[in-house]
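Dear colleague,

I am passing on the structure we spoke about, and below it you will find my notes on what came out of the analysis. Please read them with the structure open beside you.

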Amino acid sequence: MPSHRWTLDEEQAAFDKEVSEIKAWWESSDKQRQLKRPYAAERIAALRSSIKQKYPSSDMALKLWSQLEEHARNGTCDLTFGCTGPLQAGAMAKNQQTAYVSGALCGYDQVSQPGMDHADYPWDTVPAQVAKTFRALQWQDQRQRQFRMQYPKDEREGLENLDFLMPIVADGDMGFGGLTHTMKLARAFVESGVAMFHLDDLAIGTKKFTTGDPRTVVPTSEYLSRLTAARMQIDILGAETILMCRCDTDHAGFITSVIDERDHAWVVGVTKQVEPLATVLARALKDGADYKKAQQDWIASAGLATFDEAVAAHADASPEGVKCYQEAIKGAAEPLSIQARRSLAEQHLGTKPYSTLHFDWDLARTPDGSYRFKPTVDAVIMRALLAAGLGEVTWARMDFPIPSDIDAFHRGVRAVHPNRKFGFGYTGGYDWLKNGWSPEEVRDFPWETSKKYGIVWHLQPIWALQGQRRAVQDFGKMFQEGGIAAYLKHVQAKELKTTYPGVIERDTASSALTNGTLPDDDLGYARFRFSGAYLADALLETATMGIFGEDQTKLLMGQGLVKGPKANRIG
């Protein structure tokens, strides 16, 4: 018979000791004390393996946290960008403090079947890329260390001495499925050497790119459960890995469920007597009518509004009643469900005005079952505050940044958490100047927002899709027209810090170089046609044909919802 490892008393004593250590850890630093776990230390101790391990992820996370703290004190920031491999990350060490591994970039560059950013690649794709990049940065640090140690101390001044051990930040997307997927993803990130990763509140499998539809988010409760699953896994591993709570609710247009009453204030319904949207669209498909026009006509006739907006529309019939309703909503201690809102409306509007109040959010549901959603900045603030106890850093995704929204969001969160640290991400398609920003505001944006709001980490995630492509095309044109002479003059000479005065390039070669810019063309990942967006949407459209029994066999490519470049501003 195998013997027991220890007695019951020894087992309990070891368990109690571990519980005490966990509790002490959670109180050991400002980083840990800001977290408010919804579970007990005893539960984490019980979920751990008996073998304790230490992960480099903890070292890198503490290093990153120290950097973010310094930026917060000084009103400065790190500006970094998405990279797709170790070569780029190694070159970034000269100017950036962190490297970012993007899920979208990995979906193009690191998988066997590349495509648009559906986050449908294998769940361990990004952690695997982080691990590869982390090992490469360790190698860079190792070879630099060996080279420097060949020289005595007094001869090492002036030798390369870069900090190649850059903390890596990674994209966790939506957690890749159910909560167990999220737990496995978090574990893989910790084991990969990541310093920080983020999870968002987007719905899995709902992304569309060319149809003009806004993004779809999950209920607040589902978002919090993703973050809790990740935080729990980090705690089980005893790691310091930083969790960034990314909220994509800003400018979202749909929500998958209305199960959480905290979301009810922003769910949109019809206020007119109309058919269900799904019925109208199914008929359009069956009859071969213009799908998009059918949807637009229905929206125009439905009187879409949130419940509060529907009540406000009765101001002429019951001005005092509407005012009392709005005051009751504003003074509520907790978020109010749709049922509570209906009761307040009935109470304050009076019988006759209330009898004319029509609101039905089910009729407005999309064919895939999502509800229409109209979040304000308050909705984003609510989610960020609820999530703040689960992760150390907050990122509100604002692809269309509006100065007043940026100000309201960050001030709103900091009113509750004065020392909160934030990240901010930039897109590759937003025209700041055309949207009201002055050239001076654009110039100073990263540094001003760092000082004002604590946005200490700024990210351009898709440089590798835009900047790198243009650099490759620029060089390719130069080399094709100038040959090795152009390479010697414009590339090799700079690398070797020399000149080749006798080398003459062809006249066309210099004109091919445009200092990293190219003449306007229709290629590039900013264009739907080049990025694969049309293909991605067409695949989904085709895969869902006929699911309600309609005959769509005569609907050719381009005749459905997915149109060609002429229908889209970014082709």
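The UniProt record, an unreviewed entry, places the feature "binding site" at D171, and since the model you have is a predicted one, I set out below what its atoms give for that position. D171 lies in strand β3, which covers residues 168-171, and with a relative accessible area of 6% D171 is buried, the cut-off for that word being under 20%. Apart from its neighbours within four places in sequence, D171 is in contact with Y100, V101, S102, G103, A104, V126, F189 and H198.

One of those contacts, F189, leads on to helix α8, where F189 is among the buried residues, together with T182, L185, A186, A188, V190 and S192. The cover over these buried residues includes strand β3, and also α4 (56-74), α7 (125-148), β4 (196-199) and α9 (220-236). As for its length, α8 has 14 residues (179-192), which at 1.5 Å a residue should span 20 Å, and the distance of 20 Å between its end C-alpha atoms agrees with that. The helix is followed by G193, which has a positive phi, near 100°.

Helix α19 (residues 463-496) gives another result, for a straight helix of its 34 residues would span 50 Å at 1.5 Å a residue, whereas its end C-alpha atoms are only 26 Å apart. Where is the kink in α19 centred? It is centred on G482, and the angle is about 125°. G482 is also one of the buried residues of this helix, a set that includes A464, L465, R469, D474, M478, A485 and H490. Just after α19 comes K497, with a positive phi of about 55°.

Strand β6 (residues 242-247) is largely enclosed by the rest of the structure, because six of its six residues are buried. Both of its faces are covered, with I242, M244 and R246 buried on one side and L243, C245 and C247 buried on the other. β6 runs parallel to β4, to which four bridges join it, and in this pairing L199 stands opposite C245. Four bridges also link β6 to strand β11 (residues 393-396), again in the parallel sense, and there the bridge partner of R246 is W395.

On the cysteines, the count of disulfides comes to zero, a disulfide being taken here as a pair of cysteine sulfur atoms within 2.5 Å. C245 is in no disulfide, and the nearest cysteine sulfur, which belongs to C247, is 9.6 Å away. C245 is buried at 2% relative accessibility, and C83 is likewise counted as buried, at 1%.

With kind regards

Technical notes:
Residues numbered from 1 in each chain as written. Predicted model: local features only at pLDDT ≥ 70, side-chain atom pairs only at ≥ 80, totals over all residues. Heavy atoms only, no water. Buried < 20%, exposed > 50% of the residue type's maximum accessible area, 1.4 Å probe, protein only. UniProt positions renumbered as here; feature names shortened; annotations may be inferred. Helix = DSSP H or I, 4+ residues; strand = E, 2+ residues; numbered from the N terminus. Contact = heavy atoms within 4.5 Å. Expected span 1.5 Å × (residues − 1). Bend = angle between axes of the 7 residues up to and from the residue. Pairing = 2+ DSSP bridges.
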